[in-house]
Amino acid sequence: MRIKIFWDPQAPVGLQRPAVRGLSSLLAMPVEMAEHRFFLNGFDPSRNQYDAQKILSRIQLYKRQQGITEPVLLVVSQDLCLPRQDFVFGLARESVGAAVVSIARLENRFYGREDDHADLVGRLVREGAHEIGHLFGLEHCASRECVMHHPATLGELDRKKAFCSACRARLTSAEGIDRI
Ligand SMILES: [Zn+2]
Ligand SMILES: [Zn+2]
């Protein structure tokens with residue numbers, strides 16, 4: 001089984017290779033870019049953001065139409081939100097193996113700082129791996145350095161390093177289970 005990465009056309013192409021490499025290394029699983037053809041839905045003009053739940057429903061439909069059974073992570077550059085939440089870095093729906101992550105709030109420029117390629121790649125890899133972790137049934141972790149810690153701010157996100165030993169064990173055991 002390979003994790004499939006869908007890349008929105010508006011997301012920077014230069015991040016694709018380092019993101020796939022980083023995700024594969026952090027998850028210790030095969031990860032590959034995959035073609036997809038659908039437009040993002042869920043845009044809310046009053047917030048200038050996309051509803052992450054509606055994007056997941058779009059991925060869910062596309063997976064069913066295309067007969068894709070592998071976990072899918074969609075990378076977008078647009079800012080994501082939920083009806084009752086100002087923003088989310090990403091969102092995952094375990095039951096259908098669909099996740100989305102946005103780079104909008106992972107870029108230094110969003111916080112008025114100078115952009116840095118390595119910062120952005122590292123954050124995208126950690127947050128992408130976090131959402132994929134949810135697809136394998138992992139929940140939020142209290143350890144601040146664990147990828148499965150739920151970050152409220154960029155500072156908290158930057159404190160994360162890798163999966164803690166407990167989450168790593170759960171990820172490894174979940175990977176062996178055949179899921180439909
Ligand atoms: Zn989470
Ligand atoms: Zn953990």
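How many bridges join β3 to strand β4, and in which sense do the two run? Two bridges join them, and they run antiparallel. The views below take up this pair and its surroundings.

This is a predicted model, in which local features need pLDDT of at least 70, side-chain atom pairs count only at pLDDT 80 or more, and totals for chains, interfaces and linings use all residues. Residues are numbered from 1 along each chain as its sequence is written, and chains are lettered from A and ligands numbered from 1 in the order in which they are written.

**View 1. The whole chain.** The chain holds five helices and nine strands. Helices (H or I, at least four residues) and strands (E, at least two) are DSSP runs, numbered from the N terminus. Along the sequence, the pattern is β-α-β-β-β-α-β-β-β-β-β-α-α-α. The radius of gyration is 15 Å, close to the 16 Å that the globule rule gives for 180 residues, so the chain is as compact as a globular protein of that length. That radius is taken over C-alpha atoms; the globule rule is 2.2 Å times the number of residues to the power 0.38. Along the principal axes, the C-alpha atoms fill a box of roughly 40 × 40 × 35 Å. Buried residues make up 35% of the 180 residues. A residue is buried if 20 or more other C-beta atoms lie within 10 Å of its own, exposed if 12 or fewer, and partly exposed in between; C-beta atoms are placed from the backbone.

**View 2. The four-stranded sheet.** Its order is β3-β4-β6-β7, an open sheet with mixed pairing. Strands pair if DSSP finds at least two bridges between them. The edge strands are β3 (43-44) and β7 (85-88), and each pairs on one side only. Helix α2 (residues 52-66) packs on this sheet and touches β4, β6 (80-82) and β7. The direction of α2 makes about 55° with that of β4. Contact requires C-beta atoms, placed from the backbone, within 7 Å. Axes are lines fitted to C-alpha atoms, for helices over the stretch in contact, and angles run from 0 to 180 degrees between N-to-C directions.

**View 3. The five-stranded sheet.** Five strands form an open sheet of mixed pairing, ordered β2-β1-β5-β9-β8. β2 and β8 (90-93) stand at the edges with a single partner strand each, so one side of each is left without a neighbour in the sheet. The twist averages 20° from one strand to the next. α1 packs on the sheet, touching β1, β2 and β5, and its direction makes about 160° with that of β2. α3 packs on the sheet too, touching β1, β5, β8 and β9 (98-102).

**View 4. Strand β1 and its partners.** Five of the five residues of β1 (residues 3-7) are buried. Ile 3, Ile 5 and Trp 7 lie on one side, Lys 4 and Phe 6 on the other. β1 pairs with β2 (residues 31-33) in the parallel sense over three bridges. Four bridges join β1 to β5 (residues 72-76), also parallel. Ile 5 stands opposite Met 33 in β2 and opposite Leu 73 in β5. Ile 3 stands opposite Val 31 in β2.

**View 5. Helix α3.** The 19 residues of α3 (residues 117-135) should span 27 Å at 1.5 Å a residue, and the end C-alpha atoms are 27 Å apart, which agrees. The expected span is 1.5 Å times one less than the number of residues. Gly 137 follows α3, with a positive phi near 90°.

Definitions and conventions:
Two residues are in contact if their C-beta atoms, placed from the backbone, lie within 7 Å.
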